[in-house]
Amino acid sequence: EVDDPSVVTRAQWYLHERLREKSNNLTQWTGGNWTDLVQEYGADVARAYRDGVVAYWRKYQPILRSEGAPPNQTPTAVIFGLTGIGVEAAETPDWPAILSEGEAALATRFACHELNGFPSWFPRLFEKWPKTASKALMGEIEYELTVETEEQETHYVLSDVCWSGQWAWSELGPGIYRLLETSNPRNSGTLSNLLKIVEGSNVSDEKLAALAAHKI
């Protein structure tokens, strides 16, 4: 028995990686259907894996980059948690509605660690819990502006929102507008991403004109 709730056992991780191999999906951390394990390992093992991975994500809280998580490193625990959320979300009708606000915030933390954009379940969660999810995303975007350099974009939450999170633009637009009012991004790519989101949001043309006049 494992006492530490953040521990992923070697058996669990082995089965996780077997599913990734079977899915041929290397563009995101998760992939595969747990039922694919039945033929090779039997129904009992497959079901035990499924129940374990679904139960896991509520036991572990990922550290965000603003809290010290290193860039370009994703812990096994985060990947396993993302898989569990993906299974639960796929199998539960109206999944975001059953979550508490704390669970929605926790799931958002996991979503910030996904490869190449956000997980497929995140737009549904964002629609149900826009304020909760926005708070976490804005915190990471604000952090990005403190660590960016003129030569290097951060390639983190801001770029994910810009390129694959159009469903979040209207909710995030006012907060990003306030960021642009009070800060001056050093990186041109960062500035372009921020402006793209604000222009695509419900921030008024009058406010955009005032911002341009102030910043020109």
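The model is predicted, so local features need pLDDT of at least 70 and side-chain atom pairs count only at pLDDT 80 or more, while totals for chains, interfaces and linings use all residues. Residues are numbered from 1 along each chain as its sequence is written, and side-chain values use heavy atoms, with hydrogens and water left out.

Me: How do you know that Cys112 is in no disulfide?
Reply: A disulfide is a pair of cysteine sulfur atoms within 2.5 Å. The nearest cysteine sulfur to that of Cys112 belongs to Cys162 and is 16 Å away. The structure holds zero disulfides.

Me: Why is Cys112 called buried?
Reply: Buried means under 20% relative accessible area, exposed over 50%, and partly exposed in between (1.4 Å probe, protein chains only). Cys112 has 3% relative accessibility, so Cys112 counts as buried. Cys162 is buried too, with a relative accessible area of 0%.

Me: What makes the pair of Phe122 and Trp167 edge-to-face?
Reply: Rings of Phe, Tyr and Trp (its six-membered ring) pair if their centres lie within 6.5 Å; planes under 30 degrees apart count as stacked, over 60 as edge-to-face and the rest as tilted. The centres of Phe122 and Trp167 are 5.6 Å apart and the planes stand at 80°, so the pair is edge-to-face. Phe122 belongs to helix α6 (residues 122-128), and Trp167 to the loop between α8 and α9 (169-182). Helices here are DSSP runs (H or I, at least four residues), numbered from the N terminus.

Me: Why is Trp167 called partly exposed?
Reply: Its relative accessibility is 31%, so Trp167 counts as partly exposed. Phe122, at 0% relative accessible area, is buried.

Me: What makes Arg65 sit over the ring of Tyr156?
Reply: The rule asks for NZ of Lys or CZ of Arg within 6 Å of the ring centre and within 35 degrees of the ring normal. The charged end of Arg65 is 4.1 Å from the centre of the Tyr156 ring. Lys207 lies over the face of Tyr177, at 5.7 Å from the ring centre.

Me: What makes a set of points a cavity?
Reply: On a 1 Å grid over the protein atoms alone, a cavity is a set of points where a 1.4 Å probe fits but cannot get out; lining residues have an atom within 4 Å of a point. One cavity of 30 Å³ or more is found. The largest cavity has a volume of about 40 Å³, a volume being the space filled by probe spheres set on the points. Its lining includes Tyr156 and Leu158.

How values were computed. 1 Å grid on protein atoms, 1.4 Å probe; cavity = no way out; pocket = protein on both sides within 12 Å on 5 of 7 lines; lining within 4 Å. Helix = DSSP H or I, 4+ residues; strand = E, 2+ residues; numbered from the N terminus.
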